[in-house]
Amino acid sequence: NRKLFQLPVCFLARQPAQQKISQVLAAIRLGQVIIHAGGQAALFIAFHCIGGYGNYSEMAASAGLMLALTLVLTVKRQLQIDRHSNLVRAYTVFLIVVVLGIALSPYWEESLIPFRRELLPMTLAFVLLTGQKAVRQQGEQTRVALLAGWALIVAFVVRSFLALNDWLVEGVHTDYYSSDHAAARFFDFFAVDATLIMPVVVAAILCLAMPRSLRSILIISVLTAFLLIVVSNVRTALITTVVVTLLQLLPRLCSKKIWAVLGIALLSLGVATVASNRLDKVVERYATIFSKAAYQGSEATGASSVYERLSIWKGTLEMAAERPLVGYGLGWQKLYDAAYQGGYVDRWRASPVFIDKTVAHYFDTYERGKVNPHNLWVDIVFETGVLGLVSYVAMLCVLLARAVRAWRNKAQDQVTHWFANGALAYMVTYGLVNMMGGFWLTSGATLLLFIVSELLRQKQQGLK
């Protein structure tokens, strides 16, 4: 862990060798702060992103280590959470609502699984990276923020090339919908995972000082990810990636380097569609975005993909109305059980209204574990109720406000600039992707930006 997490700090510092050695020694003197506690928290973020959606084996081991370290530092009185932070307050309220929802849920045993696998490790990572007294006393908030940031970026690079290998093994004709999800675990859900992390990586390329070789590796990984997003045929991911990346590059479009990057991106798109059958498949899939039929539904024409999602949102909110305050507990998989056990599917099936028949058909078609709300905000209401939604949105609003303030700060350093660029781009990405998806606890970039924003706030205010 010591070598792994001191490397980015030493590698990025363009200073003489003796000064780099002093930086390494300074990091060693921090002891548990950087090497152990920070390292384990950053490992959690990295494993979470490399493992992909729904993979928890690596995170379980890392979470156990983080829990042990949290207990040790608590006994030594080395942990102190800033109760005056609006983000900490919103996070605390959110945790209270979630725990209350689990306690009152008829599916409480099932709800404990995502709490133990996702929310608990997230909370431990947040506490370990933002709550240590030694970090504040030695003014190391910026270094810890970079530690967490580079853990996520390295995870993105590794996952991109692992997903590329999976795709090549599966065959260039394969997309997300036709791939073997068990065999191609790194390609599975890669399009959405990469879309959510890419704003942070692009911001690092644009804002952080680093050797040219390292920047080249990051650019190649971004282009690889873009290629895989295109061939995945996930429309929301492609639209979001193109729009948000162009917004990030917009201030630098006059730069020759940026034009070179865009040229390589277009070349990658050409490589992805070079075969005639591949080109036809890609064009046919993305052409539906501009088709009127994709947004309509009726008895005569049937339900389009968008109309089906509207019916799912309506049905999910109808169920959530039965438990409006704290929801059914964490985990969207119980949506299937709640629909059948509550008699909702029978009611929809017998309804003369087409949208009700559409959602009944959806539940009848897919098995448990495949049925989901297909919208972040609807999902949060179902799992944690209105109180959970309000507290979670409050956390996002705090993050957005801090990013805007950092962006408007003309005297910002490179880390603050990276945070501002990455956070603002990420908020746009997060909103677009989750219009048709429900990625919140499984999104490592959200946790990263919460952590970085809190550390930079501590640094700015000089908290000890």
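This is a predicted model: local features need pLDDT of at least 70, side-chain atom pairs count only at pLDDT 80 or more; totals for chains, interfaces and linings use all residues.

Residues are numbered from 1 along each chain as its sequence is written, and side-chain values use heavy atoms, leaving out hydrogens and water.

The protein has 20 helices and two strands (DSSP runs numbered from the N terminus: H or I of at least four residues, E of at least two). Of its 464 residues, 53% are buried (under 20% relative accessible area; exposed is over 50% and partly exposed is in between, with a 1.4 Å probe and protein chains only).

Aromatic pairs number 11. Rings of Phe, Tyr and Trp (its six-membered ring) pair if their centres lie within 6.5 Å; planes under 30 degrees apart are stacked, over 60 edge-to-face, and the rest tilted. Two tilted pairs are tabulated.

| Pair | Centre distance | Plane angle |
|---|---|---|
| Tyr-336 and Tyr-340 | 4.8 Å | 45 degrees |
| Tyr-362 and Tyr-366 | 5.2 Å | 50 degrees |

Tyr-336 and Tyr-340 are about one helical turn apart, because they lie four residues apart in helix 15 (residues 334-341). Tyr-340 is partly exposed at 30% relative accessibility. In the other pair, Tyr-362 is buried at 3% relative accessible area, whereas Tyr-366 is partly exposed at 38%. Tyr-362 and Tyr-366 belong to one aromatic cluster with Tyr-344, Trp-348 and Phe-363.
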